[in-house]
Amino acid sequence: MTFEPKIVGFLCNWCSYTGADLAGTSRIKYSPNIRSIRVMCSGRIEPTFIVKALYEGADGVLIAGCHPGDCHYQEGNYKALRRYRMLRMILPGFGIEPERVRLEWVAASEGERFANVVDEFTDQIRDLGPLKVRDSLERILSEDAIPELEEAMEESGDANEA
Amino acid sequence: MAVRIGVYICHCGTNIAGKVDIDEVVEFARGLENVSLVKDYKFMCSDPGQALLQKDVEDGLIDRVVVASCSPLMHENTFRKATERGGLNPYLFTMANIREQCSWVHLDGAETTDKAKDLIAAAVRRAFLLEPLTKREVPINPRTLVIGGGIAGIQAALDLAEAGKQVVLVEREPSIGGHMAKFDKTFPTLDCSACILTPRMVSVGQHPNIELMTYSEIEEVGGYVGNFNVTVRKKARYVDEQLCNGCGACWEKCPGTRVPRKGNVHEKLSLGPTTSIYMPFMQAVPAIPVIDAQTCLYLKDDQHKCGLCAKECERDAINYDMEDESVEFEVGNIIIASGFQTFDPSVIKRYGYDRLDNVITALQFEIMNCASGSTGGKIQKADGSEPEAIGIVHCVGSRDENYHEYCSRVCCMYSLKYSHLIKEKTNAEVYQFYIDMRCFGKGYEEFYDRLLTEDVRFVRGKVAEVTDVAMNEAEEGKLIVRVEDTLLGSVRRIPLDMVILSTGLEAHHSLKDVANKCNVSVGSDGFIIEKHPKLGPVATATDGVFLAGACQSPKDIPDTVAQASAASSAVLSMITREKIEIEAATAEVNEDKCSGCKLCNTLCPYLAVKFDEEKGVSVVNEALCKGCGTCVAGCPSGAISAKHFEDRQIFAEIEGIFSGLEYKTVSKPKG
């Protein structure tokens, strides 16, 4: 059986959730791997939400907000972008590929684009394979594995510098 | 006390039930923690569906409600109200979107049912942690802002003003009237456009309830439904509106040239005077000229040569020192009626606009045909002679995947109107090059039938090229239209004297900016997105902002007027209510946790979070907060919470999604 990733989507109410709804009303088909959570603005999305989703079992997290300049709350999407960039810098330190978290701008009129983004992201995560972050965290944190932890940290540090 | 959650699963006919195994989902929901009853029904949004839920709440069987059906954007309000009628706080209800984001987008199979289960599990976990919220009521300012003074804005403003309500009408051009003021005749009745429009323009100018601001643009819109703060920039007109009486002495003497005096007939086309101080057209409202600072000899540089108009003006109305002015005011509702612009055909090189004389746009033809225009209503070639053969090319920029995919709706009809007018005024042959004739309105098909008897040549085919390269003697000195006549099944070359490009309607270049300021979105076609394409065509996703006319999509005059009246009646129903409930889901600061770092103060785009110097903590002004949650996500102490979108509620949703997996975490309610 092939690996089917679980993906959590955080969608802003005004653009991306509406765009996802439009994909529905237009009956555009896309992979069923995503489960979306609606927030009012992408600026509401805290890095902890993403980490929580990964910890609970998500193999990938999609954040979607209004296009730059289109935010219903003027500039929440820019804040989302900054937090996203910051989070992506931190993820390798925990052995999580930053590609597992993706930010996309999806407008209320872009139902087809939403479907394409989900399909493409699902394929990408399927290629990356399962995350099982809780397994690895628990293993790393168990006493025996401390040298392994240090090694992992060094590696990710190198990766960041490169 | 234990929480008792009721879960209602909607079949939506076969929309959901066709893809999702309802029985399996019901069984699954029964097994979820804190769920005390699960019901499924064919249409939850129907009266009996709502009654089902309402009764269970009334009977005290449940104290949290989850409806798994369509998108919350569709029916959240419906079920919130049903919950409230049952006697429960409406915020103790939540939805699982198993239609738009599940059954409609996935194939028939176990994955779709699995996804529905996960979404319901997420909603149930969320419901467990929901808190009752109190809606706020705010008064509605009875004054309305209408943006745009074309026929849409005029109609909307007059409707409201006649009902005794105050209106501020803001128009970017020096006069109201919009595109309609440029037309001589309107299809299909061939009414004189000026005769039906001018009286309305005058009424707007004179109405005691309408404050008219022409040559002005929206600079900023703040606030929220019922209480918008608007800043308008009144551009410098250099003519004092209070003093000027529109006598015209100024432009008669003005040596400046706004429209070139040399050049061919088509280059010189103008409705009003061609001087630098000018009236846009003679029936302008307000009947006050404006100076074009770019070409005015006094204003264009520091030399200040000229000054003739100031000398001529008996009332000293000319003021060269006038500057742009910002005006602020408050309104309760906004109607956007900012109109359209016509497609610029110079990007379609093969049609030769900008390159070939005698290739003109529809709007140029309108001005040429207008009795008060520079040709006095005569249809002339660039050299001033009368054309003997004219071609009208349909769908320029419309129904074309390279430019605009949509049909502009008015071009077929105005092209027919041109044929009639040309036949009436000249002896020219008229060719219509069309893809399909779309004559959908009242009296439109009849007008088409009439034109079929007026000796107009109809050629079905999309024009490939307009060229001046002759291939034989008959084509010498002519414009040649190359077109595949799809009814004859052959390619034809038709020599003509003049070609009119029936340019489509597109979103005005400033529409996106206006939409942004009013907090509404534009679609991929550039027009503003309405609340619902069928059931909410005049409202938008932003409460208190309504649409009229071609800012929503291309429209003819009757549809525009109808929508404008619909928008004004929607506004009237808001005003008559006097008060409106606004979203209770705002941010809230826990003063015990707040460290007073003030980070949130800078994050809020609405300046709703202010620092309380006395208490040393930040405080949210609920009237200004729109509930975006940016401050919540940014608070380093976790002191701010977003009501209805609390961290723990979102965490619970995430946990719900994965509750089927081997890991399980359960967030606990407060206290």
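Cys551(B) is buried, its relative accessible area being 0%; buried stands for under 20% relative accessible area, exposed for over 50%, and partly exposed for what lies in between (1.4 Å probe, protein chains only). Cys551(B) takes part in no disulfide, and the nearest cysteine sulfur, that of Cys518(B), is 9.8 Å away. Here a disulfide is a pair of cysteine sulfur atoms within 2.5 Å. In general terms, a disulfide is a covalent bond between the sulfur atoms of two cysteines.

## Basis of the values

This is a predicted model, in which local features need pLDDT of at least 70 and side-chain atom pairs count only at pLDDT 80 or more, while totals for chains, interfaces and linings use all residues. Residues are numbered from 1 along each chain as its sequence is written, chains are lettered from A and ligands numbered from 1 in the order in which they are written, and side-chain values use heavy atoms, with hydrogens and water left out.

## The disulfides

How many disulfides does the structure hold over all chains? There are 2. One of them joins Cys15(A) and Cys66(A), with 2.4 Å between the sulfur atoms. This link is right-handed, with 100 degrees about the S-S bond. Cys15(A) sits in the loop between strand S1 (7–12) and helix H1 (16–25) of chain A, and Cys66(A) in the loop between strand S3 (60–65) and helix H3 (76–90) of chain A, so the pair ties together parts that are 51 residues apart in sequence. Helices (H or I, at least four residues) and strands (E, at least two) are DSSP runs, numbered from the N terminus. Cys15(A) is buried at 2% relative accessibility, and Cys66(A) is buried at 3%.

In chain B, Cys192(B) and Cys195(B) form a disulfide with their sulfur atoms 2.3 Å apart. The torsion about their S-S bond is about 80 degrees, so this disulfide is right-handed. Cys192(B) is partly exposed at 25% relative accessibility, and Cys195(B) is partly exposed at 48%. Cys244(B) is in no disulfide; the nearest cysteine sulfur belongs to Cys250(B), 6.4 Å away. Cys244(B) counts as buried, at 17% relative accessibility.

## Chain A as a whole

Chain A has 6 helices and 4 strands. Along the sequence they follow the pattern β-α-β-α-β-α-β-α-α-α. Of its 162 residues, 56% count as buried. Among the contacts in chain A with a separation of 6 or more, 80% are between residues 24 or more positions apart; a contact means heavy atoms within 4.5 Å.

Chain A exposes about 7,200 Å², of which carbon and sulfur atoms supply 54%. Accessible areas come from the Shrake-Rupley method with a 1.4 Å probe; for residues, only the protein chains shown count as cover.

## A nonpolar patch

Which residues form a nonpolar patch on the surface? They are Met86(A), Met89(A), Ile90(A) and Phe94(A), with about 430 Å² of accessible area together. Patches are made of residues with over 30% relative accessible area and no salt bridge; like charges are joined within 9 Å, and nonpolar side chains (Val, Leu, Ile, Met, Phe, Trp, Tyr) within 5 Å. A salt bridge is a side-chain nitrogen of Lys or Arg within 4 Å of a carboxyl oxygen of Asp or Glu. Met86(A) lies in helix H3 of chain A and is partly exposed, at 43% relative accessible area.

## Gly377(B)

Gly377(B) is in the loop between helix H10 (362–369) and strand S19 (389–396) of chain B, and counts as buried at 6% relative accessibility. Leaving out residues up to four places away in sequence, Gly377(B) touches Met368(B), Asn369(B), Cys370(B), Ala371(B) and Lys425(B). Gly377(B) and Asp184(B) are 193 residues apart in sequence, with 8.5 Å from C-alpha to C-alpha.
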